[in-house]
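Please keep the structure open beside you as you read.

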Amino acid sequence: MSHRPRSGLYAVSSALLAMSRHLEVRDVLKTIVASARELLDAEYAALGVPDDHGGFAQFVVDGVSEEQWKAIGPLPRQHGILAAMLHGARAERLADVRKDPRFEGWPSAHPEMSDFLGLPVRDGDEIIAALFLANKRCPKADGSCGFTEDDEELLSILAQHAAIALTNARLYERSRELTIAEERSRLAHELHDAVSQKLFSLRLTAQAAAALVDRDPGRAKGELQQVAALAAEAADELRAAVVELRPAALDEDGLLATLRTQVQVLDRAHSARVTLTGRGVRALPAAQEEALLRVAQEALHNALRHAGAERVDVELEKHGPGAVLRVTDDGSGFDPKAVRRAGRHLGLVSMHDRASGVGGTLTVESAPGKGTVIEMEVPGG
């Protein structure tokens with residue numbers, strides 16, 4: 001690397017530091033791709049994480065607009081050059097990818113690519129991703145260009161560090177999932193023990209009151225008063241347990257990062273496109289952040305499970321000292337008044353209660369075939 005200028009070494013250092021700075025897998029993937037494209041001065045860059053079914057579990061691009069990406073269509077499959085990198089486990093440097101016998105074409109909306117550099121990203125003996133670049137931006141007098149052996153060496157170094165960053169991010173996410181699962185299990189056990197005891201006492205006391213109501217109304221009245229007291233205690237314990245169920249990620253990462261993680265998971269798990277936009281949101285009191293998160297979760301659940309939405313957009317933005325949450329979907333929609341008359345709530349009662357419980361407001365706009373917009377506004381602390 002000694003033949004490279006200081007500016008090149010600084011660029012390499014910046015890229016490696018940027019990769020190690022993130023803990024969430026999606027952010028790491030985006031940083032790897034953007035760093036590789038900038039470092040090697042390529043027009044396009046992409047990174048694919050393979051699944052076990054001949055496709056890609058994740059596929060991140062840089063240099064392609066969102067409109068272009070939508071027009072290209074479904075994620076690519078493991079074939080042609082991509083398959084060669086994943087299964088042949090060696091770098092591929094081509095002057096013109098279109099002339100390679102393994103080239104199988106691309107969708108009509110796909111940008112034109114010529115010179116190509118790709119290589120596998122390894123974690124030990126396992127290939128965990130494929131990183132590739134196209135269209136080196138280095139016009140020469142004779143019009144020729146292309147990636148060099150030095151470019152391949154540099155990308156190889158980047159890929160080694162990318163493997164470390166990606167592995168660390170996966171371990172972090174897995175560790176957090178296990179911590180949340182353990183906490184839920186503990187709380188469920190405590191909740192079961194406490195409430196079961198109260199409900200058992202409640203049942204025995206109610207039975208005693210029923211047996212006394214005819215022969216000793218006075219004692220029956222006392223037993224019924226005990227029933228009311230036990231019911232109140234059970235309700236208090238339930239409320240306390242629900243408060244303790246505040247998601248651990250909220251305390252660790254804050255509302256926006258927690259929402260982003262959940263949106264990314266839903267976007268991968270469902271065929272619908274799920275997006276999040278955050279604008280200038282600052283930290284809010286714990287109760288308000290949890291209420292916003294719960295309402296967002298309920299609205300997302302309704303859109304993806306009940307409304308058959310193809311796109312769901314979540315927006316969280318600063319509003320004075322507080323914030324506004326907006327969840328918009330293009331699903332089947334419904335008539336809110338008809339839903340209430342039929343006794344079905346789709347979580348609307350719970351969402352209204354959560355909003356009012358933190359001094360906020362909730363509005364629902366929907367109609368059959370017109371999608372749904374749920375908006376919640378909360379004041380600041």
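Predicted model: local features only at pLDDT ≥ 70, side-chain atom pairs only at ≥ 80, totals over all residues.

1. Let's begin with Glu315, whose bridge partner in β8 is Arg326. Strand β7 (residues 311-319) and β8 run antiparallel and are joined by eight bridges. The hairpin they form has two residues between the strands, and Gly320 there takes a positive phi near 60°.

2. Strand β8 also pairs with strand β10 (residues 372-378), again antiparallel, over seven bridges. Is β8 buried or exposed? Seven of the eight residues of this strand (residues 322-329) are buried, so the rest of the structure largely encloses it.

3. Next, the aromatic rings: the whole structure holds five aromatic pairs. In one of them, Phe59 and Phe132 are tilted, at 6.0 Å centre to centre with 45° between the planes. This pair links distant parts of the chain, since Phe59 sits in strand β2 (residues 56-62) and Phe132 in strand β5 (residues 126-136), 73 residues apart. Both Phe59 and Phe132 are buried.

4. Phe103 and Trp106 make an edge-to-face pair, 4.8 Å centre to centre and 75° between the planes. Phe103 is partly exposed at 25% relative accessible area, and Trp106 is partly exposed at 24%.

5. Finally, visit Asp151 in helix α5 (residues 149-212). Asp151 has a relative accessible area of 7%, so it counts as buried. A polar atom of the Asp151 side chain lies 2.9 Å from the backbone nitrogen of Thr148.

Technical notes
Residues numbered from 1 in each chain as written. Heavy atoms only, no water. Helix = DSSP H or I, 4+ residues; strand = E, 2+ residues; numbered from the N terminus. Buried < 20%, exposed > 50% of the residue type's maximum accessible area, 1.4 Å probe, protein only. Polar contact = N/O pair within 3.5 Å; in protein donor to acceptor, adjacent residues only side chain to side chain. Pairing = 2+ DSSP bridges. Phe/Tyr/Trp six-rings, centres within 6.5 Å; stacked < 30°, edge-to-face > 60°.
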